[in-house]
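Please open the model in your viewer and keep the sequence beside it.

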Amino acid sequence: MSATSLGNGNGGRNQPQTQSGGRHKVLLRVLVAGVVGAATFLLSGLLNQEDDNLWEWTMSISLGCAVLIVQYLVDFGERFEKVDQGFAEILAATELFSQVDGSVLRSEEVTRLVLGYTRVREQGGDIMQAFAEKELGRLARMMEGLGSGTADCPGENHEWLIDLTDCTKMTLDATSTSVDREFWYSGPAERYLAAQEKAIRRRGVEIRRLFIVRTEDEVTPELRSLCDDHRRRGIDARIAVRSLMEANPRVSDFIVFDGELCHETKPDQENNPDSTLLSADPDHIEDHITQFTDLWAEAERQQTPRVTSET
């Protein structure tokens with residue numbers, strides 16, 4: 001199959017139609033010019049009653065040629081406008097890819113995305129194309145959000161947790177409340193913890209996780225076993241009881257990655273995960289770092305054995 005047939009998808013069958021259409025346009029222009037010339041000749045004959053009709057012929061031919069030239073000038077202007085628009089689109093695309101090349105996002109990944117989407121559009125069925133467009137729209141919205149410093153999604157996003165862990169280079173500080181307690185006994189939790197183990201072993205990431213409960217009665221054997229499992233994986237895990245704190249603060253589920261990005265799980269009215277928020281706002285990050293530091297110190301204080309005076 002030739003390159004032409006691949007380009008238009010019909011083996012070049014449109015080419016004769018295009019040539020025929022071009023001939024029809026030329027004939028139409030000539031016909032319009034001829035009609036104008038004939039009308040001019042008749043009108044000149046009516047206005048000039050002399051026997052010499054040289055003036056009529058001169059006017060009709062001149063006006064007919066002028067009409068033909070004007071038509072070609074209008075067509076040329078339309079073509080030039082399309083070419084100018086095409087150059088503008090090329091310049092915009094060139095500028096876009098130059099920005100991609102100069103950013104941390106690797107241009108080959110963008111190229112893979114565009115080529116993959118193009119193949120889906122060419123070969124995929126209706127449902128595959130609709131799904132690809134929906135996924136591309138979701139990715140575009142997330143990129144726009146990250147570009148502005150925040151991004152969110154409904155429910156829990158386990159893939160964000162794993163991908164962010166794979167990207168972490170230094171520290172991961174996290175709280176865990178009753179909102180996500182059931183998560184630790186699920187399949188995604190095992191994948192998440194496996195990604196954390198890899199981050200600890202391969203990149204030396206320091207991970208701290210603070211399990212927060214409301215009362216001492218919630219410090220169950222299951223929770224202590226969960227903490228022990230984290231410690232065996234290299235994660236520094238502690239338990240903090242809110243009722244034993246002086247201020248008894250309200251705490252949310254959040255994770256701070258490398259001190260630069262905060263991942264939060266927002267609960268609904270029944271204390272179930274409702275939405276996930278990513279924020280890179282410096283003030284937001286600083287507030288959560290300070291909160292985690294205070295809670296971590298409080299958990300250490302609670303774990304320190306109380307010393308009683310001898311009677």
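A contact here means heavy atoms within 4.5 Å. This is a predicted model, in which local features need pLDDT of at least 70 and side-chain atom pairs count only at pLDDT 80 or more, while totals for chains, interfaces and linings use all residues. Residues are numbered from 1 along each chain as its sequence is written, and side-chain values use heavy atoms, with hydrogens and water left out.

Select His 263 to begin, which lies in strand 6 (residues 261-267); strands are DSSP runs of E with at least two residues, helices are runs of H or I with at least four, and both are numbered from the N terminus. His 263 counts as buried because its relative accessibility is 3%, where buried means under 20% relative accessible area, exposed over 50% and partly exposed in between, with a 1.4 Å probe and protein chains only. Leaving aside residues up to four places away in sequence, the contacts of His 263 include Asn 157, Asp 253 and Thr 276.

Next, turn to the aromatic rings, of which five pairs are found in the whole structure. Rings of Phe, Tyr and Trp (its six-membered ring) pair if their centres lie within 6.5 Å, and planes under 30 degrees apart count as stacked, over 60 as edge-to-face and the rest as tilted. Select Trp 184 and Tyr 192, whose ring centres are 6.1 Å apart with planes at 25°, so the pair is stacked; both residues are buried. Together with Phe 183, the residues Trp 184, Tyr 192 and Phe 211 form one aromatic cluster.
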